[in-house]
Each structure stands twice: as structure tokens, then as C-alpha cells.
Amino acid sequence: QVQLVESGGGLVQAGGSLRLSCAQSTRTLSIDKWGWFRQAPGKEREFVASIKWSGGSISYADSVKGRFTISRDNAKNTVYLQMNSLKPEDTAVYYCAAKPPFTTAYIYWGQGTQVTVSS
């Protein structure tokens, strides 16, 4: 069973920064793409960013472009989300997800980490 373990959430003032990490607890799963998603209270879960295992094909939601950076460390089986210039509207539970090769959906999900940005 693949487990994705997230860390790095917390409370920060507007304009501040946080770095989220998501580590794959097993080494047997081949991952084609990592993704970060978020869900604010009363809202649908939304896409934030994604990156291919190879490091290419990086995508961001328009709302975070220029402020968030996704990266990965293959040796550590870990993906990161550096979040700068945080805004109160970034407040949400952030989830990492992994998509295996030859699949069309993110199958594996982390437990989520709370990010709260105060104004």
C-alpha cells in the first residue's frame, strides 16, 4: 500500500511563506506525475500544481502562478510545494497526490495538511 505523508502546513501571516513536503513511504511504486491540490471550507477541491517524475511538464493554477513553486527530489521520493506571498484566500487543506504511469487519474493521496493564512 502506497502512503503519501505530507508535512509543512501551519499558520502564517499574509505575505509569508511555507514549504509543504510530501514523501512517498514506499519505494515500489512507479510514479508518473505528482500533484498538489487544495480544498477550502465549503469549496470543491481544486488543482494547484503538478510535475512529472522526470521534472518536466510543470503546471500551475492561475491563482498561484508566480507565487508557488513545485519541485521534486527523486532520490528522496519527495515532492515539495514552496508557497510565497501567501494570501488569506490560499487558506485550505493541501493534499499531495501521485499518478502512476499509464493511468489517467491521481490514484494515491496524502492525508492533507492545513495551511492557514491570516490577514
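1. Q114 is placed in strand 11, where strands (E, at least two residues) and helices (H or I, at least four) are DSSP runs numbered from the N terminus. At 40% relative accessibility Q114 counts as partly exposed, a class that lies between buried, under 20% relative accessible area, and exposed, over 50%, with a 1.4 Å probe and protein chains only. Leaving aside neighbours within four places in sequence, Q114 is in contact with G9, G10, T91, A92 and V93, contact being heavy atoms within 4.5 Å. The C-alpha atoms of Q114 and A40 are 9.6 Å apart in space, although the two residues are 74 apart in sequence.

2. On the basis of these notes: this is a predicted model, in which local features need pLDDT of at least 70 and side-chain atom pairs count only at pLDDT 80 or more, while totals for chains, interfaces and linings use all residues. Residues are numbered from 1 along each chain as its sequence is written, and side-chain values use heavy atoms, with hydrogens and water left out.

3. How many disulfides does the structure hold? There is 1 disulfide, the term standing for a pair of cysteine sulfur atoms within 2.5 Å. The partners are C22 and C96, with their sulfur atoms 1.9 Å apart, and the link is right-handed, with 45° about the S-S bond. Because C22 lies in strand 3 (residues 18–24) and C96 in strand 9 (residues 92–99), the pair ties together parts that are 74 residues apart in sequence. C22 counts as buried at 0% relative accessibility, and C96 likewise counts as buried at 0%.

4. The largest nonpolar core has 27 residues, among which W34, W36, V48, F68, L81, M83 and Y94 touch the most other members; such a core is a set of buried Ala, Val, Leu, Ile, Met, Phe, Trp, Tyr and Cys residues joined through side-chain atoms within 4.5 Å. At least two residues of this core come from each of strand 3, strand 4 (33–39), strand 5 (46–52), strand 7 (68–73), strand 8 (78–83), strand 9 and strand 11 (113–118). Strand 9 supplies the largest share, 4 residues. In soluble globular proteins, nonpolar side chains tend to be buried together.

5. Y94, found in strand 9, is buried, with a relative accessible area of 0%. Not counting residues up to four places away in sequence, Y94 touches E6, L20, W36, F37, R38, V48, F68, L81, M83, G112, T113 and V115. Y94 and S7 are 87 residues apart in sequence, yet their C-alpha atoms are 9.8 Å apart in space.

6. Which residues line the largest pocket? They are R38, Q39, A40, K43, E44, E46, S63, R67, K87, E89, D90 and A92. On a 1 Å grid over the protein atoms alone, a pocket is an open set of points where a 1.4 Å probe fits, with protein on both sides within 12 Å along at least five of seven lines, and lining residues have an atom within 4 Å of a point. About 170 Å³ of space lies in this pocket, the volume being the space filled by probe spheres set on the points. The lining divides into 2 nonpolar, 2 polar and 8 charged residues, where Asp, Glu, Lys and Arg count as charged, Ala, Val, Leu, Ile, Met, Phe, Trp, Tyr, Cys and Pro as nonpolar, and the others, Gly among them, as polar.

7. S57, in the loop between strand 5 and strand 6 (59–60), has a phi near 50°, a positive value in a residue other than glycine. S85, in the loop between strand 8 and strand 9, also has a positive phi, of about 50°, although it is not a glycine. S85 is partly exposed, with a relative accessible area of 40%.

8. S50, in strand 5, is buried, with a relative accessible area of 4%.
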